[in-house]
Amino acid sequence: MKSMRELGSFENRLLLITLAAGLVPILLITSSVQLVHLDDNSVLYAASISFIWLFYFAFYLKKIVVNKVRTLTSVVEALTCEDYSMRAKESSSCGVINELSQLINTLANTFAQQSLITKEKHILLNKVINQIDVAIIATDSRDNVTLMNPAAEKLFNRRVERMKGWPIRELGIPATTPEHNKQVLEFDLKEHKKKIYLHRDEYFENGIKQQLIFITDIQNLLREEERLAWQRLLRVLSHEINNSLAPIASISATLTRFTEANCANLPSELNSDLQNGLGVIQERANSLNEFIQSYQQLAKVPPPEKTLFNLEKLVQSITPLFDNIQLRTANGPIDIYADEVQLKQVLVNLIKNARESMASLPDGKVIICLHRHSSAIEIQVIDSGCGISNMDNIFVPFYTTKEKGTGIGLVLSRQLVVNNGGDLDIRNNDNGIGAQANIYFPTNQS
């Protein structure tokens, strides 16, 4: 059975066709020469037929060979162009050409499978890069930006199409420093300081070393850790102070009643001193208790109940509560997705602080500006007061410059904004007069 298949192989059939094409004219010519009684015309006719027969089979043979090789060439060319859909035609017979066709088809199937796996992995990698919160930036050997994922675009508020080919230092990131591949940096972002964790790594493309930069925004993480630390401290302080306040308040109340019942037996001056002293003890105990209860708000911030509402209408509902409030809006109506009650509480606190900073300026105005940017909604509360003397401590609990302040207002306000997916930044005005509070909400928050 195998011998029959080998007999019908491509190269054997080619050999038989060649022999047949050459044998027929040879026989005709030999016969015509031996038949001496034939005239010249007959010999010429026989020779013509022989040559026609020879040319027919020669061209037929050429056609077979060219078609087969061209088919294989087309398949190989498709493979080089990453088109793995074409296949060479296989016959039931064996032979080197058929083996070559099978090998090329096997190669095409392997490439097609590997291409599918690569595409699936590429799609998966793109989804991970696009959805991950870590900002990823790729640069070439000259530290020029070649790629930015959506997290990086959001962090720097820059489109990759705009930044491609620009030096990485345009984003505020220092040039390559091999000794500092992993470091925590602080740089200006949206006109305020931002803490990030930066990690560098390397990869090769066409044999040329490239660089990958992974950036994690740790500002909110640090704030959350700071908030949790303050909550733990407040729980301990509350427990210890309340344990002390309870007996102090009870004893002072008992002594007050005792002195009132026995005031007749005491000298008037001593009785007055006792009454005043016990009153001070009781008043300070109550004040300290209220102080601790106010700070417990940081540990009991309710989760936001977000709805979609018009920001301008919210501000307009607050402005009648204060004097000399000016509202400025741009880019048409602005809708925001947040907790309306919590945001109103934040704005009331910021406007109140702004008004208090202008206590010596009766005609001072508070300007509220609403802006919609490509990636964020911004609320600015600007005053022309005395400004902020100690910028480093404005968000530190217990710290206050007010005579009757508790140092909780700005801390609670920022916590409410962060819980709603935004950020609160406070700084002095560039002209040196007054300060401004900026609230940022990303436009794609949900």
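Me: What is the mean pLDDT of the chain, and what share of its residues reach 70 or more?
Reply: pLDDT is the predictor's confidence in each residue, from 0 to 100; in this predicted model the chain has a mean of 76, with 74% of its residues at 70 or more. Local features need pLDDT of at least 70 and side-chain atom pairs count only at 80 or more, while totals for chains, interfaces and linings use all residues. Residues are numbered from 1 along each chain as its sequence is written, and side-chain values use heavy atoms, with hydrogens and water left out.

Me: Where in the chain is confidence lowest, and where is it highest?
Reply: Where pLDDT is low, the predicted coordinates should not be read in detail. Confidence is lowest in helix H1 (residues 2-7), with a mean of 49, and highest in strand S6 (residues 307-310), at 92; helices (H or I, at least four residues) and strands (E, at least two) are DSSP runs numbered from the N terminus.

Me: At what angle do helices H9 and H10 pack?
Reply: Axes are lines fitted to C-alpha atoms, for helices over the stretch in contact, and angles run from 0 to 180 degrees between N-to-C directions. H9 (residues 311-318) and H10 (residues 340-357) pack at about 50°, their axes 10 Å apart. That makes H9 oblique to H10, since angles under 35 degrees count as roughly parallel, over 145 as roughly antiparallel, 65 to 115 as roughly perpendicular and the rest as oblique.

Me: Which residues make the contact of H9 with H10?
Reply: Contact means heavy atoms within 4.5 Å, and here H9 contributes Leu311, Leu314, Val315, Ser317 and Ile318, while H10 contributes Glu340, Leu343, Lys344, Leu347, Val348 and Ile351.

Me: How do the axes of H10 and H11 cross?
Reply: The two axes come within 9 Å and cross at roughly 145°. Among the residues in contact are Gln342 and Leu350 of H10, and Leu412 and Leu416 of H11.

Me: In what order do the five strands of the open sheet lie?
Reply: Two strands pair if DSSP finds at least two bridges between them; in this sheet the order is S7-S9-S10-S12-S11, with mixed pairing. The edge strands, each pairing on one side only, are S7 (325-329) and S11 (423-428), and the twist averages 15° from one strand to the next. Strands S9 (residues 366-372) and S10 (residues 376-382) pair in the antiparallel sense over six bridges, and Ile368 has Val381 in S10 as its bridge partner.
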